[in-house]
Amino acid sequence: MTSLVVTSLSKNFGAVRAVDNVSFSIAGGEFLALIGPNGAGKSTCFNMINGQLAPDGGTVLFDGRGIAGLPPREICRRGIARTFQVAATFGSMTVAENVQMALIAHTREIYRWWRRAASYHRPRALDLLRQVGMQDAADRPCSELAYGDVKRVELAIALASDPQLLLMDEPTAGMAPGERNDLIRLVKALVIERGVSVLFTEHSMDVVFAFADRIVVMARGRIIADGDAKSVRGDPLVQQAYFGSGRTFERAGGVS
Amino acid sequence: MNWEGLAFQAVDGLASASGLFFVAAGLSLIFGVTRIINIAHGSLYMLGTYIAVSLASAIGGPLGFWGGVAATAIIVGVIGALIEIVLLRRIYSAPELFQLLATFALLLVINDAALWLWGPQDLLGPRAPGLRGSLEILGRHMPSYDAFLIVIAPVVLCVLHIVFVRSRFGRLVRAATEDRDMLGALGVNQSVLFTAVFALGAFLAGLGGALQMPREPASLGTDLTVITDAFVVVVVGGMGSIVGSYVAAVIIAEVKALCIGIGLVALGGVSVNFSKFTLIAEFLVMAVVLVARPQGLLGRPQIAVRGEAALEAPIRSASRTLTVFGIAVLVILAALPFLARSSPYTLVLGVDVLIAVLFATSLHFIMGPGGMHSFGHAAYFGLGAYGAALAVRWFAAPMGLALAAAPVAAALGALLFGWFAVRLSGVYLAMLTLAFAQIIWSIIYQWQDLTGGSNGVLGIWPNPPFDRLPVFFLLSLALVAAGVVLMRRILLAPFGYAMRAGRDSPLRAEAIGIDVKKVHWLAFAVAGTVCGVAGGIFAFAKGSISPETISIDHSVNGLVMVLLGGLGTLSGPIVGASVFAILQDFVMQETEYWHALLGGIILVLVLAFPSGLVGGFLRIAARWRRP
Amino acid sequence: MRAHAFIVGVVLAGTACLSPLAPAAAQTIKIGELNSYKSQPAFLDSYKKGWEMAIDEVNNAGGVLGKKLEVVSRDDGANPGDAVRVAEELTAGEGVNILCGTFLSNVGLAVTEYAGNKKVFFLAAEPLTDKITWQNGNRYTFRLRPSTYMQVAMLLPDALAAKKQRWGLVYPNFEYGQSAVAAFKEMMKAKQPDVEFVTEQATPLGKIDAGAVVQAIADAKPDGIFSALFGGDYLKFVREVDTRNALKDSVVLNLLGGEPEYLDPLNDEAPVGWSVTGYPWNEVTMPANKAFVAAYQARYHDYPRVGSVVGYLMIKSLAAGIAKAGSTDTEKLVDAFRGLNMDGPFGPFVYRAIDHQSTLGAFVGKIALKDGHGTMTDFKYVDGASVLPSDAVVKTLRPASAD
């Protein structure tokens, strides 16, 4: 079962062709990493799928329907959720309220104006928080949390809309190495349980090679490799793109 | 009007542009580096004119004039440096709006200081020695001094440009304007740089004020007029762009000069007096620019500043004790007509406080939880007041109907203007709301047949039994309490959460399916509607209304009320409005220098309670509770 | 509502307690005075000196009805909303039933409206709009100064005598300027049907772009100019006219242009030859004026302006009215003011019963330079009574409910 199909996607910034004729697809339940050196075009590509940028050419089909050029909120309603490189939560709300907000938005109840928001979907929010291991912090202000915990809350927010596809932009950026694996392990467990597909970009190569089902490598706006960890690791084009020589990936992970 | 005449007006307009440019360039520079919107910049310009006139009259002759101009610029530059060191340095880390409030307070203080020093009379300076005559151009006489002004602004512009491109100071200024973090990385002594920039900005303002001496008398009203104009210029030109300031100053001065030049013309049988448009020409230009190119003509697209907003504690519903307490207060207020029978003025003031509370609460609704800093909230107050008053005047509507017309009129205005406003953020949104308020003000001011023009609408008195003050007070209390409770419920309901979600993280809010602009647009409309109710009550309380209800002053009062109370709590605006209204009433009675006193009080509050009165109170309470 | 609303309650209740429970046994007659002191200091500074002098004169002579006069003075915030609140504070809080003062037309009108509705006596001292005594007049409001209509009518003979056909108009764009120009146009059209108005500049109050305005007027080539500018706008306009060598062959009329408040800051740049209304304080030889000027100078070491006379006559009128009424009862005071005869620095005048307008006049003449300062020459005092329309016309202007 195919979930997302990207065909001939292109985007120009002035004379720079940031994304050039990119095509790939994600199958249902697949854990797909999109990697590449800085400036490879992966963020641009990512932002065209999540609706932040409109593509100049190409199509993005989700469940057979075109979503390219739709605003992010529409894309969310089609069943695609996302997390941000710098975790974005609502700082003036408690942890539980953050998740409740996402649930309220998902059930299209944001224009209700009398009953207290705190009474909407509370059990479901606590259940989601339990799944990411944050139920004890439910009533703490989100702004007080440690960064790793904010990432977990963000994951709960993303899962609140019952997505079929989860887009994660550098999910482990800014985290300590130990935390990284914990978070991705959690994500992987949750998506397997729910049958959600995941598309994520990542700098940390150990995370990518340890968890991704499949890896798409971009360089200078194009896809240069697409396959499992083993085939990508051995691909001379990929090594060329990253280093121009045969240094190891592990060092690159440390630099990010 | 012939083409030669218009051409001459256009050349002449460049002289007016020079004055605007000096003050706007300084403002823009200071904003670029320190991120402070310095309202007191208008005061520095005003001081420039006063000091130059004093020096020129005391010394006399060419030395008095030209030496005086140079000395004035330096003196004002030093004053600017002192202001930066004594006051602004303490508030760099405060929220943007608090800095604004502090500099506004400073403006009030300086204005009274000038009154005390120079007295109330306008002081006309001497004409420039050597440039008293005129040049003949196109068969007309252009004052030589105007020609001098036309040349001097581009010269100063070039000098500034060279300084910024060539010198280390210039590079630091550009670095600070474009990339704050890089500046820190360079290991620059920030406080010295900030003081220097502030002094330079003040120097330019002082120079601009001094150079106007032959054209404009030194007058106490200049500060607010000039700062408003300068703001418009800076926003149109693009924040932080000196060249943009010059371009914008020229455009605005030209539009005004041409409006005057065209004068009275017949358009399709209706005679239109273009000279009247000088009232709003600049605001129309600004509104068009902001809608079409939000970052200004030569500005860079704004970097989202909202992320810097101080983190706020979650809003929680009132505990049982607090609810009981609130109801008790309401009961006491309801009993006030009986408690205060011996002093009827208490009720008069009470109605004013209630109106202020509703005004401030509705402004807080969009400013706090919505994150939209409206500088033109008086527009919706005014639309409400005029809606009610005109319903009475034109349709002889009874009070009930007129009071219902108030929120409708305000809602329509808010829906229209809000649609444009929510597309911007930060300072740009603030300036667009200000421009809209000025446009509404001008329409009401000019459309005499419909609105009564500058006189306003008279004879809007309540019907019995509300013509008795105690009954009217109770009616106001009921309406205001209903409005406050309604807004509170909305803020605690999903809609209010969606507003805050859109403010806290617009990207995240969109990503979970919230249409942030639509939510904020409706929030703007709700705030406008409720504010309209306040305007309606106001019209019936005073019996007459006039365009002043929509003035910048009134909008600024609303801002002061909200900021006094603090943005972070729902009760902030209630306390802020009450304190402000009562303070204003007392201060106005007690002293001739009430501007200065009010400014002083605001300064103390800003320095002592950076999170507003309620925030400060809660902090003290928290400290007290902890052993 | 939350706990903090409690503070509001406390403050409101506190206000209630602080206010005097009952007005102190009346040893004095309290007069509530409100004006835009902060916003219009140039005029109101001397106005205040004027009324303070009058208060001392009245009280030193034993007061009125055996009681001393006491003025409770307030700033009206220069806007109608604040002004009405201040009026309420003066009546409800201070317990006065006599109000006086105001400068701006819209503020004056708002207080007029308040006085009419709340049945409080109001003597509008300075605001010029005709509406205070005519269209929006009421039983409780009187006005001291000659109205816009009267001032225009005073200048009209000069306009007619010039026999000019093409006129340019310039005025501050608010009630006073608009109604002055409307009155001028109407009177000119009636008396000189071939008159033509070739340009009309409505400038924002206090923000005239004088250079452009003067140039635009000059380009329209009028033979005569009627101006209602005052204050800073007037200064800038005069200077630009001179610098640009403009309007050399035109007749210029400027309402209020001879008032020391606006003329003196020009020093030696006073526009010689312009026809103006005003007050040449040191040239008027009437004994009453000489005595007033001497007393004023002795007291303040400064010379009187128009504001001084207005402030002075305002209090003198109230004292005379209360004395005539034999009481401070509002209704009796209104009746006493109708037809109240007064004498002042400008000579006698009367508060007309028909429209509550005083017949105080003004001086009309041409601006001249004397010892490097502007003054008026060829001036004469025009009695207000001589320029008011007929009683029949006035009756149609004033609402029937006003009497």
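**View 1. A salt bridge between A:Lys188 and A:Asp213 in the predicted model.** A:Lys188 forms a salt bridge with A:Asp213, and the closest N and O atoms of the pair are 3.2 Å apart. Because A:Lys188 belongs to helix H6 (residues 177-194) of chain A while A:Asp213 sits in the loop between helix H7 (205-211) and strand E9 (214-219) of chain A, the pair ties together parts that are 25 residues apart in sequence. A:Asp213 counts as partly exposed, with a relative accessibility of 37%. As with everything shown in these views, the coordinates come from a predicted model.

View 2. A:Arg122 counts as partly exposed at 28% relative accessibility, as does A:Asp139 at 44%.

**View 3. The interface of chain B and chain A.** The contact takes 33 residues from chain B and 35 residues from chain A, and the area buried between the two chains is about 3,100 Å², of which carbon and sulfur atoms give 64%. On the side of chain B, B:Arg489, B:Pro494 and B:Arg508 supply 24% of the area that chain B buries against chain A, more than any other three residues. Three salt bridges are found across this interface, and the side chains of A:Arg73 and B:Glu510 meet in a salt bridge (3.0 Å, N to O). Chain A and chain C, by contrast, are joined by no contact, and their closest C-alpha atoms lie 16 Å apart.

**View 4. The two domains of chain B.** Chain B is divided into domain 1 (14-119 + 142-253) and domain 2 (320-625), whose centres, taken over C-alpha atoms, are separated by 33 Å. Contact between them involves 25 residues of domain 1 of chain B and 27 residues of domain 2 of chain B, and the area buried between these domains is about 2,300 Å², with carbon and sulfur atoms giving 84% of that area. In domain 1 of chain B, the residues that lose the most area to domain 2 of chain B are B:Leu97, B:Phe98 and B:Leu101, which together account for 28% of what that side buries. The count of salt bridges between the two domains is zero.

**View 5. A nonpolar patch on the surface of chain B.** B:Ile74, B:Val78, B:Leu82, B:Ile85, B:Val86 and B:Phe203 form this patch, with about 520 Å² of accessible area together. Its largest share, five residues, comes from helix H3 (residues 61-86) of chain B. B:Val86 lies in that helix and is exposed, with a relative accessible area of 53%.

Methods
Residues numbered from 1 in each chain as written. Chains lettered and ligands numbered in written order. Predicted model: local features only at pLDDT ≥ 70, side-chain atom pairs only at ≥ 80, totals over all residues. Heavy atoms only, no water. Contact = heavy atoms within 4.5 Å. Patch = residues over 30% accessible without salt bridge, like charges linked within 9 Å, V, L, I, M, F, W, Y side chains within 5 Å. Areas by Shrake-Rupley, 256 points an atom, 1.4 Å probe, with all protein chains shown as cover. Salt bridge = Lys/Arg side-chain N within 4 Å of Asp/Glu carboxyl O. Helix = DSSP H or I, 4+ residues; strand = E, 2+ residues; numbered from the N terminus. Buried < 20%, exposed > 50% of the residue type's maximum accessible area, 1.4 Å probe, protein only. Domains from an automatic or database assignment. Buried area = accessible area lost by both parts, 1.4 Å probe.
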